[in-house]
Amino acid sequence: MTSPGTPLRIESYKHDQSFHRSWDKTLLLHVSDAVLIGGNDNVRVTESDGREWRTREPAICTFGRGQWFNTIAMIRPDGIYYYCNIGSPFSMRNDLLTYIDYDLDVKVYPDMSYNILDKEEFALHGRLMKYPDDVIKLVYQGVQEVVTWIQEKRGPFHPGFVERWYERYLQFPNR
């Protein structure tokens, strides 16, 4: 099993198995039967069209085992912003974490207000890639679970969670 301090590559795909996006290096901070937590900063992101860019702020990423969402908490001067990808549960092979991105995203602001994004993209891809009914149901359950966690301040939305893991991230010399 991969241990804390190991650099991971994260790749997301679409339902039809086409490449969606990758993050070159996320440092593994914690792994358990329940969750995988990573941190990164100024990491290279590659899009499906080949375009590359770098993240602008440190981030703490959380992947719950069996969950249909993952979170990226971006640490900015005016607070913590979250980008929650609705997608399949992740899988790990060696130092590669993969999941299927199902288009819908939940953007969360420092005051814990949120917006659900990309509904049109989800509907379009659902038709084009023929998302099965059970997948559609799981995607909507993933959205509802994120909203519940935001409202209940659970997991990565709990006060102090991101700051605590960012402090841990800063302790690794190979970040």
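Select Thr98 first: is it buried or exposed? Thr98 is buried, because its relative accessible area is 18% and buried means under 20%, with exposed over 50% and partly exposed in between (1.4 Å probe, protein chains only).

Some ground rules. This is a predicted model, where local features need pLDDT of at least 70, side-chain atom pairs count only at pLDDT 80 or more, and totals for chains, interfaces and linings use all residues. Numbering starts from 1 along each chain as its sequence is written, and side-chain values use heavy atoms, leaving out hydrogens and water.

Keep Thr98 selected. It sits in strand β10 (strands are DSSP runs of E, at least two residues; helices are H or I, at least four; both are numbered from the N terminus). Beyond its neighbours within four places in sequence, Thr98 is in contact (heavy atoms within 4.5 Å) with Glu11, Tyr13, Pro89, Phe90 and Ser91.

Next, pick Asn85 in strand β8, residues 79-87. Asn85 counts as buried because its relative accessibility is 2%. Show the side chain of Asn70 too: a polar contact of 2.9 Å links it to the side chain of Asn85. (That term means a pair of N or O atoms within 3.5 Å; within protein, one must be able to donate a hydrogen and the other to accept it, and residues adjacent in sequence count only if both atoms are side-chain atoms.) Setting aside residues up to four places away in sequence, Asn85 also touches others, including Trp68, Tyr99 and Asp101.

Now the greasy part. Select Tyr82, Ile86, Val108, Val139, Val146 and Phe157, which touch the most other members of the largest nonpolar core, a set of 35 residues. Such a core joins buried Ala, Val, Leu, Ile, Met, Phe, Trp, Tyr and Cys residues through side-chain atoms within 4.5 Å. Helix α2 (133-152) gives the most to this core, seven residues. Another core, of 17 residues, lies apart from it; Leu8, Ile10, Leu28 and Ile72 are among its members.

Move to α3 (161-170) and pick Phe161, Val162, Trp165, Tyr166 and Tyr169, which are buried. Why are they on the same side of α3? Because they cover an arc of only 120 degrees around the axis, taken from the directions from the helix axis to the C-beta atoms. The buried residues of α3 pack against β2, β3, β6, β7 and β8.

Finally, zoom out: the chain has three helices and 11 strands, and its C-alpha trace spans about 45 × 35 × 30 Å along the principal axes.
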